[in-house]
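I opened my notebook to look through this structure one piece at a time. Come along and check each entry against the picture.

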Amino acid sequence: MTTRKTLYLLCSAAPPVFDVAHVIEDAQSRGWDVCLGLTPTAAHWVAGSLDGLAALTGHPVRWQYKLPGEPDVWPAADALLFAPATFNSLNAWALGLTDRFVVGVAAEALGKGTPVVTMPCLNAALAAHPQFDQSLAALRGAGVSVLYGEQGFTPGPAGPDAPAHYPWPAALDALDAAAAAAAAPADLR
């Protein structure tokens, strides 16, 4: 019997979030048990699909913290993918500002040693802000695999509602590689 690995898939409110059901199915076909977390705005965007997404994953979709004393409804994560990760979410995460559930989960994963992959989704005007490069450097320094530029997401000009292409398969490939590296015996790393 094969044990499935648990993936926390965390999504910000960016147009690629509308593809999340297909991403969940792709991750499941790769052997992942997926738990979906959303920013409050992303949850609002896909509000009509929340029940279907919960049925697809077999877990409640979460976008807010549980109350003290309430049980945790997700199994422990073996890996975490934060994508699409917006300018706001990435900067909050890098700065440790955890007022949103998904940012708090991502921040805590770093302290737990969970393999973490993120792929931004923003336009070139936001990417030019000086805090963005500092945030990416901070996350990379904390061990996060950041898929940005040629090996991940490349921002387009400000204005269009959706990027021309969001490379979800590259994110899942990087996640699989990070999880395999973390699971390898120490002498093989």
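**Entry 1: the sheet and its helices**

I started with H5, which lies across S1, S2, S3 and S4 and runs at about 140° to S3. Next I looked up helix H8 (residues 168–183), which also packs on the sheet and touches S1, S2, S3 and S4. The direction of H8 makes about 160° with that of S3. I noted here that this is a predicted model.

Then I traced the sheet itself. I found an open sheet of five strands with parallel pairing, in the order S2-S1-S3-S4-S5. Which strands stand at the edges? I wrote down strand S2 (32–38) and S5: each has a single partner strand, so one side of each is left without a neighbour in the sheet. A reminder to myself: strands of a sheet pair through backbone hydrogen bonds, either parallel or antiparallel.

I followed strand S1 (residues 5–11) to S2 and found that seven bridges join this parallel pair. On S2, Leu 38 stands opposite Cys 11.

**Entry 2: strand S4**

I turned to S4, which covers residues 116–120. Is S4 mostly covered or mostly open? I found it mostly covered, as five of its five residues are buried.

Strand S3 (residues 79–85) pairs with S4 in the parallel sense over four bridges. Strand S5 (residues 145–146) pairs with S4 in the parallel sense as well, over two bridges. Thr 118 turned up in both of my searches: Thr 118 is the bridge partner of Phe 82, and Val 146 in S5 is the bridge partner of Thr 118.

I took helix H4 (residues 87–95) with helix H5 (residues 101–112): they pack at an angle of about 40°, with their axes 9 Å apart. That angle makes H4 oblique to H5. I noted the crossing of H4 and H5 as right-handed. Ser 89, Ala 92 and Trp 93 of H4 meet Val 103, Ala 106, Ala 107 and Leu 110 of H5. I sorted the residues of this contact into six nonpolar, one polar and no charged.

I went on to helix H7 (residues 130–141), whose axis comes within 9 Å of that of H4 and crosses it at roughly 55°. H4 and H7 are therefore oblique to each other, and their crossing is left-handed. From H4, the contact includes Phe 87, Leu 90 and Trp 93, and from H7 it includes Phe 132, Leu 136 and Leu 139. The residues of the contact of H4 with H7 divide into nine nonpolar, three polar and no charged.

**Entry 3: two single residues**

I found Arg 100 in the loop between H4 and H5. Why does Arg 100 count as buried? I read off a relative accessibility of 15% for Arg 100, and buried means under 20%. Leaving out residues up to four places away in sequence, Arg 100 touches Thr 39, Pro 40, Tyr 65, Asn 88, Ser 89 and Ala 92.

I finished with Glu 25, which sits in helix H1 (residues 20–29). Glu 25 is partly exposed, with a relative accessible area of 41%. From C-alpha to C-alpha, Glu 25 and Leu 56 are 8.0 Å apart in space, though 31 residues apart in sequence.

How values were computed. Residues are numbered from 1 along each chain as its sequence is written. This is a predicted model: local features need pLDDT of at least 70, side-chain atom pairs count only at pLDDT 80 or more; totals for chains, interfaces and linings use all residues. Side-chain values use heavy atoms; hydrogens and water are left out. Buried means under 20% relative accessible area, exposed over 50%, partly exposed in between (1.4 Å probe, protein chains only). Two strands pair if DSSP finds at least two bridges between them. Axes are lines fitted to C-alpha atoms, for helices over the stretch in contact, and angles run from 0 to 180 degrees between N-to-C directions. Angles under 35 degrees count as roughly parallel, over 145 as roughly antiparallel, 65 to 115 as roughly perpendicular and the rest as oblique. A crossing is left-handed if the near helix is turned anticlockwise from the far one by less than a right angle, and right-handed if clockwise. Contact means heavy atoms within 4.5 Å. Ala, Val, Leu, Ile, Met, Phe, Trp, Tyr, Cys and Pro count as nonpolar, Asp, Glu, Lys and Arg as charged, and the others, Gly among them, as polar.
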